[in-house]
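Here is a short report on one structure. Look it over first, then read on.

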Amino acid sequence: AKYLAQIILVGAQVVGRAFMRALRQEFAASQAAANARGRSERPQSAAASRIIGISLQEAQQILNVSNLNPEEIQKNYDHLFKVNDKSVGGSFYLQSKVVRAKERLDEELRIQAKGDKEKGQKAET
């Protein structure tokens, strides 16, 4: 019984250490990904991603757009919103994702327009 208890105790320690090591590695990887994502986006764009809860890339994937073309965004949004309507057997969850993606892309377009306007004002002075 004494040896069995020691074996169980040692086994639990080994599993615990392995779990903690895996947890630390996962935390470091998520920190590195967050830092890389933060560096790749402009500060306003990164803030918009945090507020809306969806990244620019994810929003583009959801609405199936490769560039920020307002007409293409609106066309894909209308189609996906209509297809996922609950009255035609769609999913409210997917419809919500489509709406959030559209909000995120609209915010990015607003940020870009603001940046272009600021650049135009600086060029005039």
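## Asparagine 76

Asparagine 76 lies in helix H4, residues 70-83. Helices here are DSSP runs (H or I, at least four residues), numbered from the N terminus. The model is predicted: local features need pLDDT of at least 70, side-chain atom pairs count only at pLDDT 80 or more, and totals for chains, interfaces and linings use all residues. Residues are numbered from 1 along each chain as its sequence is written, and side-chain values use heavy atoms, with hydrogens and water left out.

Asparagine 76 is buried, at a relative accessible area of 14%. Buried means under 20% and exposed over 50%, with a 1.4 Å probe and protein chains only. The side chain of asparagine 76 reaches the backbone oxygen of leucine 63 at 2.8 Å. Asparagine 76 also touches Asn64 and Val65, leaving out residues up to four places away in sequence. Contact means heavy atoms within 4.5 Å.

Ile73, Asn76 and Tyr77 are buried in H4. They sit on the same side of H4, because they cover an arc of only 105° around the axis. The arc is taken from the directions from the helix axis to the C-beta atoms. Glu71, Lys75 and Lys82 are exposed on the other side of H4.

## The largest nonpolar core

The largest nonpolar core has 12 residues, among them Leu63, Ile73, Tyr77 and Val98. Such a core is a set of buried Ala, Val, Leu, Ile, Met, Phe, Trp, Tyr and Cys residues joined through side-chain atoms within 4.5 Å. Helix H3 (56-63), H4 and helix H5 (92-124) each supply at least two residues of this core. H5 gives the most, with 4 residues.

Notes. Polar contact = N/O pair within 3.5 Å; in protein donor to acceptor, adjacent residues only side chain to side chain.
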